[in-house]
Amino acid sequence: MESRDSDEFQVFNFFFPLSRKKKNQGTKVTKQTTVTLPLFFFFLCFMACLNDEHRGMLSNMLSRRLSIKEEQKQEDVFVKFPFEKVFPVCAMGLSSTESDPILNFPCSGADPMWDAVRQEAKLEAEREPILSSFLYASILSHDCLEQALGFVLANQLQNPTLLATQLMDIFSNVMMHDKDIQRSIRLDAQAFKDRDPACLSYNSALLYLKGYHALQSYRVAHVLWKQGRKVLAFALQSRISEVFGIDIHPAARIGEGISLDHGNGVVIGETAVVGNRVSLMHGVTLGGTGKEIGDRHPKVGEGALIGACVNILGNIKIGDGAMIAAGSLVLKEVPPHSMVAGTPATVLGYVDEQHPSLTMNHRPSDTENKASEGYEKARA
C-alpha cells in the first residue's frame with residue numbers, strides 16, 4: 001500500500017507540481033488549493049483503474065524522464081554557447097539528410113563561406129537580440145548553406161496554394177544534388193559582397209537582397225526546365241516575378257559570379273545568355289525585337305558592366321568586358337572592352353579594366369574622356 005501511494009504521488013507531482021507547495025502550507029487552504037483538489041481526486045480515480053503492473057510502468061517511465069532531464073541540464077553547463085536556449089524558434093519542414101550520402105556532400109566537407117555565414121549570424125544575434133529567433137530559424141538551425149538558402153527562398157516565395165514546405169523540398173532536392181548550383185550560389189554571394197557597398201556581409205545577401213534571392217530561385221527553375229519540368233519552372237518564374245519584381249525566363253543561361261544590384265525591373269528573355277562575372281544594375285532588359293521566334297535575345301560576354309535602365313534588344317553580342325552607360329538603348333553589337341552610351345548607343349571609347357563589372361566604375365577613364373571629346377567635336 002505504501003508503494004502504491006508513493007507511485008501515485010510521484011506521478012501526480014510530475015503533472016501537478018503545485019501540490020508540493022500546498023503540502024508545505026500545512027492546514028491553511030488557499031484559493032489555489034481548492035482548484036487543485038478536484039484534479040487530485042480525479043487523478044486518484046484514474047490511478048485506481050490501473051493495476052499494479054501498469055502503475056509501476058508509468059512511474060518508472062516518468063522517473064527515467066526526470067533523470068534524463070537532469071542529465072541534460074548537467075550537460076548544458078559545459079556548452080560554450082547554448083543557441084538552442086537563446087533562440088527558441090526552430091526551422092521546421094526540412095527532411096533529414098543523414099541517411100543519404102549524396103545529400104550529405106555539401107554539409108560534410110569544409111565550407112569557409114558557410115562558417116563565415118554562421119559566425120556573422122551569431123554576432124548579429126548578439127547585437128540585435130530581437131532578431132535572434134529569425135537568425136536561428138534562417139541560418140543557425142541548418143547544416144549547410146544550401147539548406148539555409150532553401151529555407152529563406154521557400155518562405156519568400158510561398159503563397160496559400162504553394163506551401164513553404166513544398167518549396168523547401170523542391171529547393172533542397174535541386175541544390176543538394178547539383179554541384180554547379182552549389183558553386184554558383186557561393187560565387188554569387190561573393191560577387192554581391194565585393195561589388196555592392198550596401199552589402200555588409202554574406203548574411204546581407206543571403207537574408208535581405210532580393211537580387212540574390214531572385215537569381216538563386218532562377219537557378220533552381222533553370223534546372224527544373226532542363227529536367228523537362230517546365231510547368232513547375234514557369235510556376236517558380238511567376239512567383240519570382242511577383243515577389244521580387246525580377247523576370248528571368250527559366251530557359252535563359254546565366255553564368256556564375258553574377259551581381260544584380262537592386263534588381264528592380266530586370267527582364268531576361270528566354271534565349272538570352274549572360275557570361276560569368278557580369279554585373280547588371282536595376283531596370284536592365286535583355287529582350288527581343290518583336291514576335292520573332294527562335295534565338296532572339298542578347299548574348300552578354302564575361303565581365304561586362306551594364307548600367308541602370310539599359311535596354312539591349314535582339315540577338316546581338318555584347319563583347320567581353322564591355323561597359324554600357326545607364327539609360328542606353330543598344331541595338332547593335334558592342335565590341336569587347338568598349339564603352340557605349342546613348343539612344344541608340346554608340347561607341348565612345350574603350351575601357352582600361354579587363355573586367356569593369358568587378359570594379360563597378362561607371363565613370364570613363366582618361367582614355368575614354370579623350371575619345372568622348374573627339375567624338376563630340378566630330379559630331380559638331
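**Close-up views of a predicted model**

**View 1. R219 and D188 are joined by a salt bridge, with their closest N and O atoms 2.8 Å apart.** A salt bridge is a side-chain nitrogen of Lys or Arg within 4 Å of a carboxyl oxygen of Asp or Glu. The pair links distant parts of the chain, 31 residues apart: R219 lies in helix α13 (residues 210–226) and D188 in helix α11. R219 is buried at 6% relative accessibility, and D188 is buried at 0% (buried means under 20% relative accessible area, exposed over 50%, partly exposed in between, with a 1.4 Å probe and protein chains only). This is a predicted model, in which local features need pLDDT of at least 70 and side-chain atom pairs count only at pLDDT 80 or more, while totals for chains, interfaces and linings use all residues. Residues are numbered from 1 along each chain as its sequence is written, and side-chain values use heavy atoms, leaving out hydrogens and water.

**View 2. R186 and E146 meet through their side chains in a salt bridge (2.6 Å, N to O).** R186 belongs to helix α11 (residues 179–195) and E146 to helix α9, so the pair ties together parts 40 residues apart in sequence. R186 is buried, with a relative accessible area of 16%, and E146 is buried at 0%. Helices and strands are DSSP runs numbered from the N terminus (helices H or I, at least four residues; strands E, at least two).

**View 3. Helix α8 is largely enclosed by the rest of the structure, because 7 of its 9 residues are buried.** The buried residues are S132, L135, Y136, A137, S138, I139 and L140.
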